[in-house]
Amino acid sequence: MARDYYGILGVDSSASDAQIKKAYRKLARKYHPDVNDTEEAAEKFREISVAQEVLLDPEKRRVVDMGGDPMEQRAQGGFGGGFSGGGFGDIFEAFFGGAGGGGRGPRSRVQPGNDALLRTEISLEDAFRGVKKDITVDTAVLCDHCEGTGSESKSAPVTCETCHGTGEIQEVQRSILGNVMTSRPCRACQGFGEIIKDPCSECSGEGRVRKRRDLVVSIPQGIADGMRIRMAGQGEVGHGGGPAGDLYVEVSTAPHPVFTRDGDTLHFTAKVPMVDAALGAELSVTDLSGEELNLTIQPGSQPGQTVRLHGAGMPKLRAEGSGDMVAHLDVTVPTELDDSSRELLEKVRAQSSESVRVHSNNREGEGFFDRVRSRFRR
């Protein structure tokens, strides 16, 4: 179903261009992201900007008056849906620059703005608990002096006398095919079809100025390195005070002195003295929230063995539960011993049934034929 572009701006189907622009400016002051930062307002601002663009374009407005939707036709585009709109003239124009008689009309002065990207670094603790972070952005914003109109007196633009509002200048050139009509954007109005007679002293008629702004971005707990947070309507304001794009904040996590992250799992290395590995011990570790956790090292723990604490890792992003924390045991052997320590270890060795030996690759319990079979399998 075709959109009601007149209803979006709240004007009659007989409204003049000046009345359409006036209705747009009235609504823009209400829904512009610099005035209303909700997502609903940002969507409404885009909607009224598209409506103004359509109704100020004579060809698009003609399609609307016939019950169609020119933006739907443009989205479907190309030759796939038949020669929609201009027929043979559009195809001829694509090859010969407008020779089919009639250009594409003036481009809208109000253009949608671009998205912006900002990178920020947080600590692993911030990623664990979530944080609100102050950021500073430098983007184009709506000009306060002219309220986005581009005019010092906030008056509406006037029709360009050079191109008579078409936004194009047509010229006839001789070629081997005969006289060929070509079109180029009007230099007097830059293709807009209208001119601001008293450009704003602050923005020079663009309706926007560059400005540094302080914002607060909400970083959710569990966010991973390289993820982006979208802030709707906080990007670049478009030419002519057009709707702002979005701001994307890309998050990177600084290295942590203890923990290494792998998805929702936190890894760390625990230095375990040889005696504690043999007899067992309790280890206290501080997690990223500052809470003390107790880790049990079982008697007879071996180098490289891991101990897992379930639910002590990173919170799952936008989901319930947390990952695990994994301790990697690094059993340390003393390099220097005093006399009493050496005496104790000598007693332990004397009572031990184990001794240094060459490790055999043969599996215990295997018979002769099993060992022969294993060799042929290699």
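Colleague: How many nonpolar, polar and charged residues does the lining of the second largest pocket have?
Modeller: This is a predicted model, in which local features need pLDDT of at least 70 and side-chain atom pairs count only at pLDDT 80 or more, while totals for chains, interfaces and linings use all residues. A pocket is an open set of points on a 1 Å grid over the protein atoms alone where a 1.4 Å probe fits, with protein on both sides within 12 Å along at least five of seven lines, and lining residues have an atom within 4 Å of a point. With Ala, Val, Leu, Ile, Met, Phe, Trp, Tyr, Cys and Pro counted as nonpolar, Asp, Glu, Lys and Arg as charged, and the others, Gly among them, as polar, the lining has twelve nonpolar, five polar and four charged residues.

Colleague: Is Arg 109 buried or exposed?
Modeller: Residues are numbered from 1 along each chain as its sequence is written, and side-chain values use heavy atoms, with hydrogens and water left out. Because Arg 109 has a relative accessible area of 13%, and the scale (1.4 Å probe, protein chains only) sets buried under 20%, exposed over 50% and partly exposed in between, Arg 109 counts as buried.

Colleague: Which class of accessibility does His 267 have?
Modeller: His 267 has a relative accessibility of 22%. That value therefore makes His 267 partly exposed.

Colleague: What is the distance between His 267 and Val 326, C-alpha to C-alpha?
Modeller: In sequence, His 267 and Val 326 are 59 residues apart. His 267 also touches Val 326, contact meaning heavy atoms within 4.5 Å and residues up to four places away in sequence not being counted. In space, their C-alpha atoms are apart by 4.8 Å.
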